[in-house]
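I'm opening my notebook on this one. Here is what I looked up, entry by entry.

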Amino acid sequence: MLVEILVSAFVLIGASFALIGSIGLLRLPDFHTRLHGPTKATTLGISGMLIASGLYFSTTTEGISLHEVLVLLFLFITAPVSAHLLAKAALHRRVYSLAKQPENRPPPLTDRPSPSQGGE
């Protein structure tokens, strides 16, 4: 009974994070903020579901289920790397954020005069 409650709680927590990440992907205004929502929230959502799966199969079958641990490890390694590559590709494609910039922000590197043009 206690295991079923824990599994249900982890499934609900994971589903909630996955839903929040999906809503963030749908509602956020630009690429950079959309990139942040799914990578953080859905990683936590999948983690909750994998913990629930590992707990369930470890208690209902013989032995400990380690498949979920491997999937979770792979997810924690690949999600930040893929998000970094997507963000870097967006910067190279000059996809700018629509978020409000701070007042004392230096101009982008491409707008600065080069040293040969009298810049710094």
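This is a predicted model: local features need pLDDT of at least 70, side-chain atom pairs count only at pLDDT 80 or more; totals for chains, interfaces and linings use all residues.

**Entry 1: the overall layout**

Reading from the N terminus, I get α-α-α as the order of elements in the protein chain. That is three helices and zero strands, where helices (H or I, at least four residues) and strands (E, at least two) are DSSP runs numbered from the N terminus. Residues are numbered from 1 along each chain as its sequence is written, and side-chain values use heavy atoms, with hydrogens and water left out.

I also checked burial: 19% of the 120 residues in the protein chain count as buried. Buried means under 20% relative accessible area, exposed means over 50%, and partly exposed is in between (1.4 Å probe, protein chains only). Of the contacts with a separation of 6 or more, 66% join residues 24 or more positions apart; a contact means heavy atoms within 4.5 Å.

**Entry 2: H2 against H3**

At what angle do H2 and H3 pack? I found about 175 degrees between H2 (residues 31-60) and H3 (residues 67-92), with the axes 10 Å apart. So H2 is roughly antiparallel to H3, a label for angles over 145 degrees. The axes are lines fitted to C-alpha atoms, for helices over the stretch in contact, and angles run from 0 to 180 degrees between N-to-C directions.

Next I looked at who touches whom. The H2 side includes Leu 35, Ile 46 and Phe 57, and the H3 side includes Val 71, Phe 76 and Leu 86. By class, this contact has 15 nonpolar, six polar and one charged residues.

**Entry 3: Glu 68 and Lys 40**

Glu 68 sits in H3. Is Glu 68 buried or exposed? It is buried, yet it has no salt bridge (a side-chain nitrogen of Lys or Arg within 4 Å of a carboxyl oxygen of Asp or Glu). Skipping neighbours within four places in sequence, I see Glu 68 in contact with Leu 50, Ser 53, Gly 54 and Phe 57.

The nearest side chain of opposite charge to Glu 68 is Lys 40, 24 Å away. Lys 40 is in H2 and is partly exposed, at 49% relative accessible area. Its C-alpha atom is 8.8 Å from that of Pro 80, 40 residues apart along the chain.

Most residues other than glycine have a negative phi. Arg 94 is not a glycine, but its phi is positive, about 60 degrees. I found Arg 94 in the segment after H3.

How values were computed. Angles under 35 degrees count as roughly parallel, over 145 as roughly antiparallel, 65 to 115 as roughly perpendicular and the rest as oblique. Ala, Val, Leu, Ile, Met, Phe, Trp, Tyr, Cys and Pro count as nonpolar, Asp, Glu, Lys and Arg as charged, and the others, Gly among them, as polar. Lys and Arg count as positive and Asp and Glu as negative; His and the chain ends are not counted.
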